[in-house]
Amino acid sequence: GEALKSSKSPYTVNEKLTPEKDVTSYNNFYEFGLGKGDPAANSENFKPTPWTVKVDGLVGKPKEFGLEELLAMPLEDRVYRMRCVEAWSMVIPWVGFPLSALLDKVEPLGDAKYVAFETVVRPEEMPGQSGYFQSLPWPYVEGLRLDEARHPLAILAVGVYGKTLPNQNGAPIRLVVPWKYGFKGIKSIVKITLTDKQPPSTWNISAPNEYGFYANVNPEVDHPRWSQASENRIGEGGFFGANRQPTLPFNGYADEVASLYSGMDLRANY
Amino acid sequence: MLPALPRKYHAASIWLLYAAGFVPAAYGFWLGATGRLPGNPVKEFEHLLGLWALRFLVATLAITPLRDLLGINWIRYRRALGLLAFWYVLMHFLTYMVLDQYLNFSAILVDIVRRPFITIGMGAFVMLIPLALTSNNWSIRRLGPRWVKLHKLVYIIAAAGALHFAMSVKVVGLEPWTYIALVAVLLAYRPIRPMLRGRKRRPPEPALRESERSA
């Protein structure tokens, strides 16, 4: 990727970074295949430029943003924990800007309650979207409540490790919501729509008993097929290092975000 | 047809199969222990062992149709293939228990009881134990027809293994479907086998030697 200019941010966890090699080679991005190495291996034909993101729905000023415009937003370095729903985790230095900064530009209307996101569909560039076997319905879609989307921790990332995003990490622009499981971080976004109804999300459609709309990291609520009480830190210790560690409520961001869910039953709204 | 292996090499070829059979596990362990497995090395190794266990189970089940349909008699390798499957399942379980779960027995117990794909995998492992223990000439003589009956458990084990794999993944992709299909075909062959053999016998074939009889 190309180098990006960014400024320091107070939103930085003081933990050892996952090596760049692991961040860019151990990925879930089913548009490029089911294996962890598939996104890096099968994404060389993907063209992240030129690119536009259409923002529409319940907004005062719908707009199509060109990538140059998005890269010109004040970019910040954000070192976040990333907890995959599969019980592994990383610490990743993202480069991006708050999602709220983009929302402000389109002026959401009063009845907007949710934000829906959509990934690009390009079967000719994304081998997982073509062929006899289709793992998920495309486009990949995700959603947030508007107050979640406006939270300062929620960012649109355009880079990682100081450079523009590699294709396998969701180039050219992706969502990062560090207190939620990684699958909420929708990649290669082409469309953002403000709505008054809870939008569908791909994994929730695929297996509603396993993946909820909220998908907040919660060590107390197991995935039906595995425990979420602990996680495997990728890129630490190999076979024998102590790399299994306890999972924290809201992935360690409870102080910042728990209030968004006060009064909610987090077992029912998993 | 394949040229027959001279009888004097039979024993050596079986030992060679055992030696070759453990290469994927040894190589995978070496890669993981020396930090050469990318990403999540413990899971990579755990999955490698599980996959090879399934491959050896499929190979074990393929011996009989291979002989019936293609005339290739590799029945002398069947015990080694079955035992390799057992050792790989054992290593798969030990990797999960020690390297993955750090001997956290309460977590392991919860997994086995509460997660159907682990319950099924564990069931297959438990069923493999009596088969491995009786995979010797003494047990075959001792148990007689009951040995044949007991070893029919391998059909349930193979089905459970393929199911365990398919249920463990988020999306059932080409790989688990391949194992489900292979096991399904190999199991479906068993009930239709008497019909096929009945038809083939029309020009009568010599009776099988005692040592070549199989379930």
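This is a predicted model: local features need pLDDT of at least 70, side-chain atom pairs count only at pLDDT 80 or more; totals for chains, interfaces and linings use all residues.

Biologist: What does the contact take from chain B and from chain A?

Modeller: The contact takes 25 residues from chain B and 29 residues from chain A. Contact here means heavy atoms within 4.5 Å.

Biologist: What makes B:K170 and A:E86 a salt bridge?

Modeller: The rule asks for a side-chain nitrogen of Lys or Arg within 4 Å of a carboxyl oxygen of Asp or Glu. For B:K170 and A:E86 the closest N and O atoms are 3.1 Å apart, so the pair is called a salt bridge. Across the interface of chain B and chain A the rule finds 4 salt bridges, and over all chains the count comes to 26.

Biologist: How do you know that A:K61 and A:E107 form a salt bridge, and where in chain A are they?

Modeller: Their closest N and O atoms are 3.4 Å apart, which is within the 4 Å limit, so the label applies. A:K61 is in the loop between β1 (52–57) and β2 (63–66) of chain A, while A:E107 is in the loop between α4 (99–106) and β5 (114–119). The two residues are 46 residues apart, and the pair links distant parts of the chain.

Biologist: Turning to chain B, why are α2(B) and α3(B) called roughly parallel or antiparallel?

Modeller: Helix α2 (residues 23–33) and helix α3 (residues 41–70) of chain B pack at an angle of about 175°, with their axes 10 Å apart. Angles over 145 degrees count as roughly antiparallel, and α2(B) and α3(B) are therefore roughly antiparallel to each other. On the α2(B) side the contact is made by B:P24, B:A25, B:G28 and B:F29, and on the α3(B) side by B:F45, B:L48, B:L49 and B:W52. These residues divide into 7 nonpolar, 1 polar and no charged.

Biologist: How much of residues 12–30 and of residues 177–192 of chain B is helix?

Modeller: UniProt, in an unreviewed entry, lists both spans among the "transmembrane region" features of chain B. Residues 12–30 are 95% helix and 0% strand, with end C-alpha atoms 26 Å apart. Residues 177–192 are 100% helix and 0% strand, and their end C-alpha atoms lie 23 Å apart. The unreviewed entry also lists residues 49–161 of chain B as "domain: Ferric oxidoreductase". Over residues 49–161 the chain is 85% helix and 0% strand, with end C-alpha atoms 12 Å apart.

Biologist: What does B:M122 of chain B contact beyond its neighbours in sequence?

Modeller: B:M122 is in helix α6 (residues 116–133) of chain B. Leaving aside neighbours within four places in sequence, B:M122 is in contact with B:F93 and B:I112. The C-alpha atoms of B:M122 and B:A160 are separated by 9.3 Å, although these residues are 38 residues apart along the chain.

Biologist: Which backbone values in this model would you point out to me?

Modeller: Most residues other than glycine have a negative phi, and most peptide bonds are trans. The peptide bond from A:T49 to A:P50 is cis, with omega near -5°, and A:P50 is in the loop between α2 (38–42) and β1 of chain A. The bond from A:A171 to A:P172 is also cis, with omega near -5°. Finally, phi of A:A215 is near 55°, a positive value in a residue other than glycine.

How values were computed. Residues are numbered from 1 along each chain as its sequence is written. Chains are lettered from A and ligands numbered from 1 in the order in which they are written. Side-chain values use heavy atoms; hydrogens and water are left out. UniProt positions are given in the numbering used here, feature names are shortened, and annotations may be inferred rather than shown by experiment. Helices (H or I, at least four residues) and strands (E, at least two) are DSSP runs, numbered from the N terminus. Axes are lines fitted to C-alpha atoms, for helices over the stretch in contact, and angles run from 0 to 180 degrees between N-to-C directions. Angles under 35 degrees count as roughly parallel, over 145 as roughly antiparallel, 65 to 115 as roughly perpendicular and the rest as oblique. Ala, Val, Leu, Ile, Met, Phe, Trp, Tyr, Cys and Pro count as nonpolar, Asp, Glu, Lys and Arg as charged, and the others, Gly among them, as polar.
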